[in-house]
Amino acid sequence: MERTTAMKVLETYIVAGLTGLLFYHLHSPIPWMLGAITGMLVWKTVIKRPVAAPKALSNSGLIVLGTYFGLSFTKETLLTIAPYIVPFLVATALLIAINIINSIMVTKWTHIDKVTSVFASVPGGLSEMVAASESLNANTALVTIFQTIRLLTVVFLVPTVVVHWLNGHASPGNATAQAAAVSSDGHYTWFLLSIFGALLLRNIIPAAYVVGPLAVTAVMHAAGVNLPLLPVWLIILAQISVGINMGERITLEDIKLGGKFSWVYFLLALVLIALSFGFGYVFAELTDLPLSTALLSLAPGGLVEMVLTAQTVGGDPAIVSSLQFVRLLLVIIVVPNVLKWVFRKFPYITETPWKNRSVRN
C-alpha cells in the first residue's frame, strides 16, 4: 500500500512538473504553480487518473515559500509600510463592502439566499468562508462551489493581467538588492527556526505555514543574521507542491453543480478584480508606491500568488506580503464575524426565505 501511494505521489509530481515546465516555456506568470494546478485538473478530469497530494508536502512547500519571501525583508521594511496602512485598510474595506453589496444585489435575479451569496463571493479563504456560512445555516455546498470559481478566476487572471499590463519587465535593481542583502555563506540551520514558527502558529493564525516562516525569517534577516539564499530548485518544487494541493481540491464537477448561476459569481469575481485594479491605481497615485506593488497589495488573491507575481514584475515582495497579510487577517478574522453579527442582529436584511439549506459540503 505504501509503495502504491509513493508511486501515485511520484506520478502526480511528474505530471505537475511537466505542466509547470510547459507553462514556463509559454512565459506564463507564476508558471510552476499555475501549471501544477492545470495539470491536476486535466489529469484527474480528462485522463481520469487519481492524484496524490499529501498535506505534509503542501505545507512544506508553503514553509519554503514563506521563508523565501521573508528573505526580502530589511530593517526599513516596517518603516516603509507604516504610512500605507491606514489608506490601505480604507481601500480594502471599501472593496469588501462594494463586493458584499454586489453579492446581495444579484440575489434579485437568482434563487440563492443573501447569506449564501455573500459568503460565496467574499474574497477570503475558502475553508474559513464555508465554516462561517455554516454557522448561519447557509448553503455550504454552493458557498464552496462559488468560492472555487472565484479562486480559479483570481489565481489565473490577476497574475496574467498584471504581468501583461506592466509588460512583465522585472526591476533588475530589486532582484540585485535582494541578492546582495542576503549572503550566500550563511548556514541553513537557521531555517529550522522558520519551521518552528510555522508549527507554533499553525493553530493560531490563518495561513500560518506561510506567515510563520515569513515572520521568523524577516526578523532574523532584519536583525542581521547571516542567512543563505534558497536554491532555485527548492523554490520551484515548493510552488509545484502548493499548486498540486490547490489543483487536487478543485474539481470541474463541483463547478458544474453551481449550474446556471456559476457565471454570476464568475462575473462578481471579475468586477472585484477590476475594482481592485482601480483602487490599486489610485493607491499608487496617492502614495509613492510603484504601480506593480500597489496593484498586487490590493489584489484579491492569495498571499503566495501575489508575492510571486510581484517578484515577476519587479514589485516589492516585502511590502506586498506585509499588506496582503493585513488584508488576509481582515478578511478571514474580522469580516466573517462582522457578517455573522449583522445577519443575526438584523435578520430582516435577508428579506426572502433562505433556500436550499439541505445541501451540505
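Trainee: Is tyrosine 188 buried, partly exposed or exposed?

Mentor: Tyrosine 188 is partly exposed, because its relative accessibility is 45%. Buried means under 20% relative accessible area, exposed over 50%, and partly exposed in between, with a 1.4 Å probe and protein chains only. This is a predicted model, in which local features need pLDDT of at least 70, side-chain atom pairs count only at pLDDT 80 or more, and totals for chains, interfaces and linings use all residues. Residues are numbered from 1 along each chain as its sequence is written, and side-chain values use heavy atoms, with hydrogens and water left out.

Trainee: How many helices and strands are there?

Mentor: The chain has 17 helices and zero strands. Both are DSSP runs numbered from the N terminus: helices (H or I) have at least four residues and strands (E) at least two.

Trainee: How many aromatic pairs are there?

Mentor: There are six aromatic pairs. Rings of Phe, Tyr and Trp (its six-membered ring) pair if their centres lie within 6.5 Å; planes under 30 degrees apart are stacked, over 60 edge-to-face, and the rest tilted. One of them joins tyrosine 84 and phenylalanine 283 edge-to-face, at 6.3 Å centre to centre and 85 degrees between the planes.

Trainee: Which parts does that pair tie together?

Mentor: Tyrosine 84 lies in the loop between H4 and helix H5 (85-105) and phenylalanine 283 in helix H14 (residues 262-286), so the pair links parts 199 residues apart in sequence. Tyrosine 84 is buried at 8% relative accessibility, and phenylalanine 283 is buried at 5%.
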